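Here is a short report on one protein chain. Keep the sequence and the 3D view open while reading.

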Amino acid sequence: VKQLIVGVNKMDSSEPPYSEARYEEIKKEVSSYIKKIGYNPAAVAFVPISGWHGDNMLEASTNMNWFKGWKVERKEGNAEGKTLIEALDAILPPTRPTDKPLRLPLQDVYKIGGIGTVPVGRVETGVLKPGTVVVFAPANITTEVKSVEMHHEALAEAVPGDNVGFNVKNVSVKELRRGYVAGDSKAAPPKGAADFTAQVIVLNHPGQICNGYTPVLDCHTAHIACKFAEIKEKFDRRSGKTTEENP
């Protein structure tokens with residue numbers, strides 16, 4: 001998560017209601033916390049709100065005249081405003097990786113009368129178009145995409161972020177399952193990997209993690225057992241500097 005907004009909610013039930021002192025106290029505490037975990041507080045909008053009464057949600061509240069508005073400073077451009085919706089509008093949209101090879105992890109597969117087999121999932125990278133010959137890994141099933149739909153509307157193409165259903169020829173529902181990944185059979189189709197190097201953040205763990213540890217990996221919609229063959233290094237999550245080689 002690269003961008004953050006902090007909404008200080010329930011301002012109507014502070015003591016006294018809509019207290020500036022309480023807001024500043026929370027802002028100070030949360031700022032120091034997010035700084036510790038690697039965010040720059042100057043680039044984070046803090047908005048005092050009341051969801052119940054709608055204060056500073058869509059329009060500026062008259063109950064908090066002391067609040068002069070939020071400001072964010074970042075290299076892509078500064079922004080300011082008074083309400084939560086303006087802070088949401090100031091979020092920088094991500095660039096969609098349409099230039100990468102097609103990858104679409106399946107969330108589900110349906111059989112729809114009169115249409116046939118319809119796998120459903122979100123395009124992660126690349127572009128899916130009707131007429132594309134897709135391959136489903138790891139089963140290695142190849143078929144042609146007849147149509148692509150989102151919210152019951154036919155699409156000329158689906159781009160990263162789109163949740164789509166697509167109709168495929170001559171493949172039964174039983175052959176496909178959640179967790180499979182669709183790719184373009186002609187352009188860098190998805191392949192299996194015997195091993196890979198990953199960056200892992202341990203949030204909490206009762207025991208210790210060492211070489212040979214066998215967790216279950218959740219990758220998009222697939223669950224698969226794997227093994228930590230070797231732990232290469234430990235590093236500080238704030239600075240990104242290595243603290244220990246081969247721990």
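A residue counts as exposed when its relative accessible area is over 50%, and as buried when that area is under 20%. At 79% relative accessibility, N170 therefore counts as exposed. The model is predicted.

**Backbone points to check**

N170 lies in the loop between strand 10 and strand 11 (181-184). Its phi is near 50 degrees, a positive value in a residue other than glycine. H220 also has a positive phi, about 55 degrees, and is not a glycine. H220 sits in the loop between strand 12 (216-219) and strand 13 (222-225). Its relative accessibility is 55%, so H220 counts as exposed.

Two peptide bonds are cis. One runs from E15 to P16, with omega near -10 degrees. P16 is in the loop between strand 1 and helix 1. The other runs from A137 to P138, with omega near 0 degrees. P138 is in the loop between strand 7 (133-137) and strand 8.

**Domains**

UniProt, in an unreviewed entry, lists "domain: Tr-type G" for residues 4-93. An unreviewed entry there also lists "domain: Translation elongation factor EFTu-like" for residues 116-181. The table sets out both spans.

| Span | End C-alpha distance | Helix | Strand |
|---|---|---|---|
| Residues 4-93 | 13 Å | 26% helix | 16% strand |
| Residues 116-181 | 19 Å | 0% helix | 47% strand |

**Largest nonpolar core**

The largest nonpolar core has 21 residues, of which M11, Y23, V47, F67 and W70 touch the most other members. Elements giving two or more residues to this core are strand 1 (5-8), helix 1 (20-36), strand 2 (45-48), strand 3 (70-72) and helix 2 (84-89). Strand 2 gives the most, with three residues.

**Second largest pocket**

The second largest pocket has a volume of about 290 Å³. It is lined by 15 residues, and those closest to its centre are I112, V118, E149, H152 and G165. Two or more lining residues come from each of strand 5 (104-112), strand 6 (116-122), strand 8 (141-150) and strand 10 (163-168). Which strand gives the largest share of the lining? Strand 10 does, with five residues. By class, the lining has eight nonpolar, six polar and one charged residues.

Conventions. Residues are numbered from 1 along each chain as its sequence is written. This is a predicted model: local features need pLDDT of at least 70, side-chain atom pairs count only at pLDDT 80 or more; totals for chains, interfaces and linings use all residues. Side-chain values use heavy atoms; hydrogens and water are left out. UniProt positions are given in the numbering used here, feature names are shortened, and annotations may be inferred rather than shown by experiment. Helices (H or I, at least four residues) and strands (E, at least two) are DSSP runs, numbered from the N terminus. On a 1 Å grid over the protein atoms alone, a cavity is a set of points where a 1.4 Å probe fits but cannot get out, and a pocket is an open set with protein on both sides within 12 Å along at least five of seven lines; lining residues have an atom within 4 Å of a point. Grid points are joined across faces, edges and corners, and a volume is the space filled by probe spheres set on the points. Ala, Val, Leu, Ile, Met, Phe, Trp, Tyr, Cys and Pro count as nonpolar, Asp, Glu, Lys and Arg as charged, and the others, Gly among them, as polar. A nonpolar core is a set of buried Ala, Val, Leu, Ile, Met, Phe, Trp, Tyr and Cys residues joined through side-chain atoms within 4.5 Å. Buried means under 20% relative accessible area, exposed over 50%, partly exposed in between (1.4 Å probe, protein chains only).
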